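Good morning, everyone. Please look at the sequence and the structure on the screen, and I will walk you through them.

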Amino acid sequence: MGEGYEVTGAGQERLRRWRLVLGGGPADGTGCALSGRDAAMDGALAALYGKGDKPPAGRTGRDRSAGLGGSAPSVARWLGDIRTYFPSSVVQVMQRDAIDRLGLATLLLEPEMLEAVEADVHLVGTLLSLNKAMPETTRETARAVVRKVVEDLEKRLATRTRATLTGALDRSARVSRPRHHDIDWNRTIAANLKNYLPEYRTVVPERLIGYRRASQSVKKEVVLCVDQSGSMAASVVYASVFGAVLASMRSVSTRLVVFDTAVVDLTDQLDDPVDVLFGTQLGGGTDINRALAYCQSRITRPAETVVVLISDLYEGGIRDEMLKRVAAMKASGVQFVTLLALSDEGAPAYDREHAAALAALGAPAFACTPDLFPEVMAAAIEKRPLPIPDAV
């Protein structure tokens with residue numbers, strides 16, 4: 001700023017914010033000095049987003065060339081600092097950046113480190129990728145972190161999912177010649193209003209609309225076929241939660257299959273999505289054809305089955321065979337849904353050629369948020385067009 005010019009009020013606050021963003025280098029142009037809590041916040045930012053790896057002796061956090069170093073104690077202190085100075089949503093982003101930029105994933109194998117982090121879906125994905133390298137001393141702490149995230153997701157998603165799908169199941173089970181106690185009177189009257197006889201003040205129904213109670217028997221079979229390659233970590237977490245919710249509904253028979261180059265059926269563990277998640281192995285190759293072959297072999301009522309493939313479609317198996325299997329399932333009456341991702345992150349990098357080929361078969365591939373997933377499943381159950389987002 002020019003000499004003799006004093007900035008006060010809102011202007012000073014803007015300079016303070018720009019100073020925190022720019023990092024205090026000689027060219028940042030703010031001329032703003034930080035102290036107290038602001039200096040501590042700046043130090044936490046500098047440790048992650050600075051240019052170097054480790055602060056030289058005597059250098060403070062106000063210089064953006066600081067770093068976290070490689071020691072667990074310094075990282076643990078930093079994790080505590082960012083939770084003190086920033087809101088949870090910002091903490092989660094900074095943790096993710098620290099893992100990506102500074103290679104801190106292996107430090108999460110230490111129980112003390114896990115106790116200091118802010119748990120979210122992305123952290124769960126990182127922990128699952130480290131599952132095989134995790135020592136027993138860390139495993140229980142990791143399971144506690146994963147369970148907290150899973151329980152939070154279930155609270156957010158379960159009620160709406162059950163309500164949406166129960167309605168879809170009831171509607172899909174309507175019959176044209178119902179028994180008396182199965183007649184849906186509201187819909188029957190609405191469908192026959194043209195037959196109203198004013199002299200008798202009554203409706204003469206030509207067509208009865210009814211439904212069977214969804215709770216009487218299994219009405220639909222759902223197969224979740226989930227790619228567990230490393231890029232699909234968040235989708236694996238959400239699919240496990242939704243799988244557990246669906247499995248809790250008596251009118252739906254749910255199967256959960258995860259795959260890379262091998263295929264693993266985790267249906268028996270669906271009562272506990274934490275067990276499901278620790279039964280996955282993130283990373284490795286991809287053989288979609290092999291996974292679909294397994295799912296196809298388990299279908300007994302194709303007209304009442306919904307298959308949901310969750311994958312970025314980078315096929316390492318036999319492409320033509322994969323497409324033939326999808327076509328065969330659809331021809332038999334299976335409702336086939338292709339999701340490029342089941343997360344809040346949007347569409348990942350994906351194989352556009354395979355996506356186009358599936359679309360040509362009537363199974364368009366699109367990214368789906370967890371909030372949209374119940375509506376997608378309801379549409380598939382009722383055999384109506386899927387609510388595909390505009391941007392695919």
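Let's start with one residue. At 61% relative accessibility, glutamate 136 counts as exposed. Here is the scale: buried means under 20% relative accessible area, exposed over 50%, and partly exposed in between, with a 1.4 Å probe and protein chains only.

A word on the source. This is a predicted model, where local features need pLDDT of at least 70, side-chain atom pairs count only at pLDDT 80 or more, and totals for chains, interfaces and linings use all residues. Residues are numbered from 1 along each chain as its sequence is written, and side-chain values use heavy atoms, with hydrogens and water left out.

Back to glutamate 136. What is the partner of glutamate 136 in a salt bridge? It is arginine 139, with the closest N and O atoms 3.4 Å apart. A salt bridge here is a side-chain nitrogen of Lys or Arg within 4 Å of a carboxyl oxygen of Asp or Glu. Both residues lie in helix α7, residues 136-172. They are three residues apart, about one turn of the helix. Helices and strands are DSSP runs, numbered from the N terminus: H or I of at least four residues for helices, E of at least two for strands.

Side chains of opposite charge can pair when their charged atoms come close. How many salt bridges does a search of the whole structure find? The search finds 15.

Next pair. Aspartate 371 forms a salt bridge with arginine 156, and the closest N and O atoms are 3.3 Å apart. Aspartate 371 lies in the loop between β10 (365-368) and α14 (373-382), and arginine 156 in helix α7, so the pair ties together parts that are 215 residues apart in sequence. Aspartate 371 is partly exposed, at 39% relative accessible area. Arginine 156 is also partly exposed, at 39%.

Third pair. Arginine 301 and glutamate 221 form a salt bridge, with 3.3 Å between the closest N and O atoms. This one links distant parts of the chain, 80 residues apart. Arginine 301 sits in the loop between α11 (288-297) and β8 (305-310), and glutamate 221 in strand β5, residues 220-227. Arginine 301 is partly exposed at 31%. Glutamate 221 is buried at 16%. There is a network too: salt bridges that share partners join Arg156, Asp344 and Asp371.

On to the cysteines. A disulfide is a pair of cysteine sulfur atoms within 2.5 Å. By this rule the count is zero. Cysteine 295 is buried, at 0%. Cysteine 368 is buried as well, at 1%.

Now the strands. Seven of the eight residues of strand β9, residues 335-342, are buried, so β9 is largely enclosed by the rest of the structure. β8 and β9 pair in the parallel sense over five bridges; strands pair if DSSP finds at least two bridges between them. Within that, valine 307 has phenylalanine 336 in β9 as its bridge partner.

A quick stop at a loop. Asparagine 192 is in the loop between α8 (185-191) and β2 (196-197). Asparagine 192 is buried, at 2% relative accessible area. Its C-alpha atom is 5.4 Å from that of proline 205, which is 13 residues away along the chain.

On a 1 Å grid over the protein atoms alone, a cavity is a set of points where a 1.4 Å probe fits but cannot get out, and a pocket is an open set with protein on both sides within 12 Å along at least five of seven lines; lining residues have an atom within 4 Å of a point. Grid points are joined across faces, edges and corners, and a volume is the space filled by probe spheres set on the points.

The structure holds one cavity of 30 Å³ or more. The largest cavity has a volume of about 90 Å³. Its lining includes Trp78, Gln95 and Met113. Helices α3 (72-85) and α4 (88-102) each supply at least two lining residues.

The largest pocket holds about 320 Å³. Of its 23 lining residues, the closest to the centre are Arg96, His122, Ala233, Ala234 and Glu345. That's the tour.
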